[in-house]
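Please examine the sequence and the structure before reading each solution.

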Amino acid sequence: MAKKRLGNQTIQLLNSPVIISTGSIVGPKEGEGPLKDYFDIILKDDLFGEDSWELSESKMIKEVIRMAVGKSDYVLNQVDYIVAGDLLNQLMSTSFAARDLERPFFGVYGACSTMSESMSLAAMIVDGGFSDLVVAATSSHFCTAERQFRYPLELGNQRPMTAQWTVTGTGASVISSKGDGPKIKRITTGKVIDKGITDVNNMGPAMAPAAVDTIKSYFDDTKDDIDSFDIIATGDLGIVGGEILLDFINKEGYDISSVYMDCGIEIFDHKKQDTHSGGSGCGCSASVFNGYIYKKLKNKEINKVMLVSTGALMSPTSTLQKQSIPSIAHAVIIEN
């Protein structure tokens, strides 16, 4: 039997699950950014026709799953599992969406790492032969995240320059055992890393060590060539966290600077749009991967990508109790 385990944290998917289609929806601010031409839908306002921001986010993830499946040769009733999550308590947005979609549902929480986490689990389900069709999806919303994790928007609190702007966005990948499209080849599951950062307005430095650990673990486990990648993309380290990542990973002996990008840096023009250190939120890597990166892969403009969605695993409770910010990053390697 061929070996699927590579080293300590990496697995090889021998049956190469295929991402046959994707969908992406973003808010109006994201729709004014540099990647606007790559998203499927740009909302006219943050409410999306709903009575609350939370219901808006739930509608976003419901519609993006329907859209992504609609682009494939399948219908929603053929989807065996939905693996998805968001940032809100009890996965409110995703759970309410799954209620309406009426498909078997695994709700997952990895904070802003959730897109890579959901893709990892969906691909493993397909590779293991337990399903021929699984959807991985993730969402976040600026207004819902600010209300839960920081301060109500009505207070108009000033944000420090290290702060990031939670992306209003969602993305979905339809992962199949057969079909045309980029294939998920390997997965490196992250460990929880905590370097003692306590400032919730400085998330990049909290998450960067987790991204360093996961990327280093992948190359240690596989002996793969950095130059074989067109893109190594972190989820939302932002400007401050991205600089820390490149510095720390270089000290570990891996220079990824020539192929590195951060979804949180790319989705906004931080100077024109006043997003300070860049974008954040699990909808950040979800919308950038399922919009920008996937379309580049599909059009054969790039061939090999490592998506390393990054997540800060704090909660309002842990913040109030003066706890530090544990973080995690999961890597998914996708190739044509």
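**Exercise 1.** Determine in which hand helix α5 passes helix α6, and describe how the two helices pack.

*Solution.* Helix α5 passes α6 in a right-handed crossing, that is, the near helix is turned clockwise from the far one by less than a right angle. The axes of α5 (residues 203-222) and α6 come within 8 Å and cross at roughly 35 degrees; such axes are lines fitted to C-alpha atoms over the stretch in contact, with angles from 0 to 180 degrees between N-to-C directions. In contact (heavy atoms within 4.5 Å), α5 contributes residues including G204, A208 and I215, and α6 contributes residues including V240, I244 and F248.

The model is predicted: local features need pLDDT of at least 70 and side-chain atom pairs pLDDT 80 or more, whereas totals for chains, interfaces and linings use all residues. Residues are numbered from 1 along each chain as its sequence is written, and side-chain values use heavy atoms, without hydrogens and water.

**Exercise 2.** Identify the strands that pair with β11, and state whether its faces are buried or exposed.

*Solution.* Strand β11 (residues 231-234) pairs in the parallel sense with β14 (residues 304-312) over 4 bridges, where pairing requires at least two DSSP bridges. Within this pair, A233 stands opposite L307. Strand β12 (residues 260-262) also pairs with β11 in the parallel sense, over 3 bridges, and T234 stands opposite D262. As to the faces, I231 and A233 on one side and I232 and T234 on the other are all buried (under 20% relative accessible area, 1.4 Å probe, protein chains only).

Technical notes. Buried means under 20% relative accessible area, exposed over 50%, partly exposed in between (1.4 Å probe, protein chains only).
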